[in-house]
Amino acid sequence: MDSNLFPEGHERCSLGRFLAWIVFLGLFLGFGGYAAFVILSQGLVVTGLDNYFGFGLWITFDLAVIALGAGAFFSGFLKYILKIDQLKHIINLAVIVGFICYSGAMLVLTLDIGQPIRAWFGYWHPNVHSMLTEVIFCITLYCLVLVIEFVPIILEQKQLNKIPFIHHLAHNLHVNMALFAGIGAFLSTFHQGSLGGMYGVLFGRPYAFREGFFIWPWTFFLFVLSAVGSGPAFTMLVATFMEVLTGKKLVEYKVKTLMAKIAGSMLCLYMFFKIIDTWYWATSYLPSVGLTFDQMFYQTIYGKWLMWSELGLCGVLPAIMMITPAIRNRPALLYTAAILDCIGITINRYVFTVQTIAFPALPFDKWVTYTPNWAEWAPAGLIVAYGFVVLSLSYRYLPVFPQEKALNAK
Amino acid sequence: MEKQEFKIKWGMVIDLDKCTGCGACMVSCQVENNIAPQQDASNKLRTLTWMNVFEMNNGQAFPDHEIAYLPRPCMQCGSPACVPVCPVVATDKNEEGGIVSQIYPRCIGCRYCMGACPYHARYFNWDDPVFPAGMEKTLSPNTSARPRGVVEKCSFCHTRWGRAKERARKEGVDTMDMPQEWYQTACTTACPGGVIQFGDVNNPKHSVYELVRSKYAFRLLERLGLDPQVWYVSKREWVRMLGDNYLESEKAKKHA
């Protein structure tokens with residue numbers, strides 16, 4: 001019925017089946033939308049947040065998806081600036097995943113602030129000393145850059161592209177994409193860093209505070225490295241997951257190993273500095289404020305297992321796996337390494353968000369714990385479902401994967 | 001951010017050896033600042049307690065067990081952790097006296113300042129403030145009620161300072177050198193034991209001038225570098241030791 005809209009020479013499932021899939025996703029969208037309505041009408045009192053945990057699931061979710069969405073800016077940088085041509089086979093997907101992650105994060109942020117109607121104050125009354133101001137500006141601008149990068153993919157839709165003006169517009173946007181890739185790389189580097197800086201500057205919070213270079217705490221640089229060490233792996237995983245869902249080959253395995261090699265190399269660099277940073281924090285900074293490494297952890301919920309998982313099982317291990325050709329050339333091991341990598345970065349964002357404020361700095365205060373409730377999970381689910389919808393529509397109607405036709409030729 | 005110094009430095013000194021933990025300071029603070037009663041205040045992590053009393057103990061078993069109560073207002077830090085992080089300049093430390101302001105109509109409710117403050121002195125309005133019928137007649141006309149979704153905190157009863165300055169101008173007194181009793185916070189005046197002293201710690205005519213220089217005076221988490229404007233006094237060493245974090249080796253050295 002809608003086959004005229006499909007990319008040239010590609011087959012897609014029936015419209016009925018596609019609509020059934022969208023309706024399924026709509027359940028999550030509906031539940032998330034209901035939660036958003038309840039939150040906006042009744043306030044954040046309906047969440048599991050409190051005065052000790054002003055930040056929780058949403059900020060963790062935002063930071064994690066922004067890191068995992070870094071595949072867009074880093075792949076764009078490598079493709080358009082460093083001219084690694086092979087990435088052209090996955091760059092469209094990287095842009096779409098980046099767009100979903102960033103726009104989704106912004107949607108959640110509007111729920112997370114107590115006065116959503118004042119959200120524009122961040123632009124109108126900026127505090128130049130706040131890392132969060134930098135984050136607000138850069139995320140917004142970079143989201144716009146991602147829109148600009150996404151537009152040519154939409155304009156290449158078969159029917160739209162028949163219109164001469166749109167055809168030329170898409171072509172010219174492609175020609176000048178290096179400019180946007182460059183702007184995107186600049187903006188994204190800064191806000192990935194500022195997200196880390198947000199925690200590193202908290203000199204009242206010993207779990208997160210870090211010294212650094214000039215105005216940037218070490219976490220600024222570590223967050224940039226961790227994002228580029230996981231973003232490409234996540235994009236590659238999304239491509240693979242889409243292959244499973246569609247039953248088709250979408251990206252050549254060689255391109256996937258290239259993405260893993262890039263992520264692995266950056267992850268190695270990240271882990272090198274992260275381990276030094278952790279060592280210095282534990283053995284030098286903490287004792288200087290009368291604290292010990294052991295005091296930073298609490299029972300299972302904020303236990304050391306999180307740190308060892310982040311650094312070892314989900315850090316050093318996947319880094320080694322992804323830079324070793326013999327391992328990354330075996331699909332099962334490659335995907336395992338990429339999943340571990342993404343989990344590790346998510347743990348990092350979680351502990352910096354939640355454990356930082358869970359640690360009782362006052363000696364006579366107690367550890368308290370935080371558990372997100374349905375009102376927080378539902379909007380997070382909404383964003384995931386929104387991502388699926390955007391990806392599903394893009395895959396069905398847009399030429400996202402240049403290699404799809406050749407890889408699936410009978 | 002560069003640290004600012006002011007001629008007046010409003011400071012609070014709380015004698016922990018006298019505090020009985022009666023909570024009068026908390027109540028007076030709630031009344032003075034129009035904090036609406038909550039229908040269900042059982043979750044203490046959701047209550048609005050600008051002044052909060054903590055209970056501490058020396059960790060010893062009976063008969064050596066000792067307790068102390070520690071009233072905790074906003075520390076009005078000299079180097080506040082909350083001010084530089086606010087993305088919209090809804091909190092600032094730029095006024096004579098060094099009180100950290102909170103501008104409710106500017107706050108977007110991101111709660112970054114709450115995450116930055118190690119004293120948990122900042123509170124979020126999780127719900128709409130609802131005053132039971134008739135209670136509006138008891139509200140203070142000087143303090144604005146805050147809407148849902150903004151952060152609030154102790155302001156050293158800032159409006160009382162405004163009134164004290166008005167009085168000084170009327171009576172021809174220098175506003176930079178007012179008698180101590182002209183500007184007192186609600187908690188100070190309500191404390192039945194005279195535990196809380198308030199004044200300009202830079203003014204030798206104010207009682208707090210001497211108190212903050214006592215060898216028994218200490219501040220909370222000084223090692224983190226926030227430079228609080230609230231001091232505590234206790235002759236009990238274990239109480240003073242609980243004001244900050246110390247390694248076991250440091251504790252041993254202090255006790256030696």
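Helices (H or I, at least four residues) and strands (E, at least two) are DSSP runs, numbered from the N terminus. Chain B holds 8 helices and 8 strands. Its radius of gyration, taken over C-alpha atoms, is 19 Å, close to the 18 Å that the globule rule (2.2 Å times the number of residues to the power 0.38) gives for 256 residues, so chain B is as compact as a globular protein of that length. This is a predicted model, in which local features need pLDDT of at least 70 and side-chain atom pairs count only at pLDDT 80 or more, while totals for chains, interfaces and linings use all residues. Residues are numbered from 1 along each chain as its sequence is written, and chains are lettered from A and ligands numbered from 1 in the order in which they are written.

Within chain B, an open sheet of 4 strands runs in the order β6-β1-β8-β7, with mixed pairing; two strands pair if DSSP finds at least two bridges between them. Strands β6 (196-200) and β7 (217-218) of chain B stand at the edges with a single partner strand each, so one side of each lacks a neighbour in the sheet. Strand β1 (residues 10-15) of chain B pairs with β6(B) in the antiparallel sense over 5 bridges. B:Gly11 has B:Gly199 in β6(B) as its bridge partner.

Chain B also touches chain A. The contact (C-beta atoms, placed from the backbone, within 7 Å) takes 47 residues from chain B and 39 residues from chain A. On the side of chain B that touches chain A, the largest share, 4 residues, comes from α3(B).

How values were computed:
Contact = placed C-beta atoms within 7 Å.
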